[in-house]
Amino acid sequence: MPQHTLARPICGHCDGFPTVTITTGQTAPDGQRQTITAHCPACRGTGHTTTARVHTRIGA
């Protein structure tokens, strides 16, 4: 019998898109664009939020 897990709520700050790649406008010598990666600070790059009960349990 399969185990079912509860769906975690999607982060309201990033709407489930926790990591983005941003171009810097510079190009490398081989012609590729240089990029940086940014993660959502609210969910720390997971795309999901935790409930208040979890924060209370871990003492955050």
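Tutor: Let us begin with a pair of residues: I22 stands opposite I36, which belongs to strand β2. Please keep in mind that the model is predicted.

Student: How do you know that β1 and β2 are paired, and in which direction do they run?

Tutor: Pairing requires at least two bridges between the strands. Strand β1 covers residues 19-27, and strand β2 covers residues 33-39.

Student: What makes V20, I22 and I36 a nonpolar patch?

Tutor: Nonpolar side chains such as Val and Ile are joined within 5 Å, provided that each residue has over 30% relative accessible area and no salt bridge. V20, I22 and I36 form such a patch on the surface, and together they have about 240 Å² of accessible area. V20 illustrates the area condition, because its relative accessible area of 39% is over 30%.

Student: Why is V20 called partly exposed?

Tutor: Buried means under 20% and exposed means over 50%, with partly exposed in between. V20 has 39%, so it falls in the middle class. This residue lies in strand β1.

Student: How many disulfides are there, and how do you know?

Tutor: The sulfur atoms of two cysteines must be within 2.5 Å of each other. By this rule the count is 0. For C11, the nearest cysteine sulfur is that of C14, at 3.7 Å, and C11 is in no disulfide. For C43, the nearest cysteine sulfur is that of C40, also 3.7 Å away, and C43 is in no disulfide.

Student: Why are C11 and C43 called buried?

Tutor: The cut-off is under 20% relative accessible area. C11 has 1%, so it counts as buried. C43 has 7%, and therefore it is buried by the rule as well.

Student: Why are D15 and R44 called exposed?

Tutor: Exposed requires over 50%. D15 reaches 56%, so it is exposed. R44 reaches 75%, and therefore it is exposed too.

Student: Where is G12 found, and why does it count as exposed?

Tutor: G12 is found in the segment before β1. Its relative accessibility is 60%, which is over 50%, so G12 counts as exposed. G12 and H48 are 36 residues apart along the chain, and their C-alpha atoms are separated by 8.4 Å.

Student: What pattern does the whole protein chain follow?

Tutor: Read along the sequence, the pattern is β-β-α, from 1 helix and 2 strands. Of the 60 residues in the protein chain, 10% are buried. The accessible surface comes to about 5,300 Å², and 55% of this belongs to carbon and sulfur atoms.

Note on methods
Residues numbered from 1 in each chain as written. Predicted model: local features only at pLDDT ≥ 70, side-chain atom pairs only at ≥ 80, totals over all residues. Heavy atoms only, no water. Patch = residues over 30% accessible without salt bridge, like charges linked within 9 Å, V, L, I, M, F, W, Y side chains within 5 Å. Areas by Shrake-Rupley, 256 points an atom, 1.4 Å probe, with all protein chains shown as cover. Salt bridge = Lys/Arg side-chain N within 4 Å of Asp/Glu carboxyl O. Helix = DSSP H or I, 4+ residues; strand = E, 2+ residues; numbered from the N terminus. Buried < 20%, exposed > 50% of the residue type's maximum accessible area, 1.4 Å probe, protein only.
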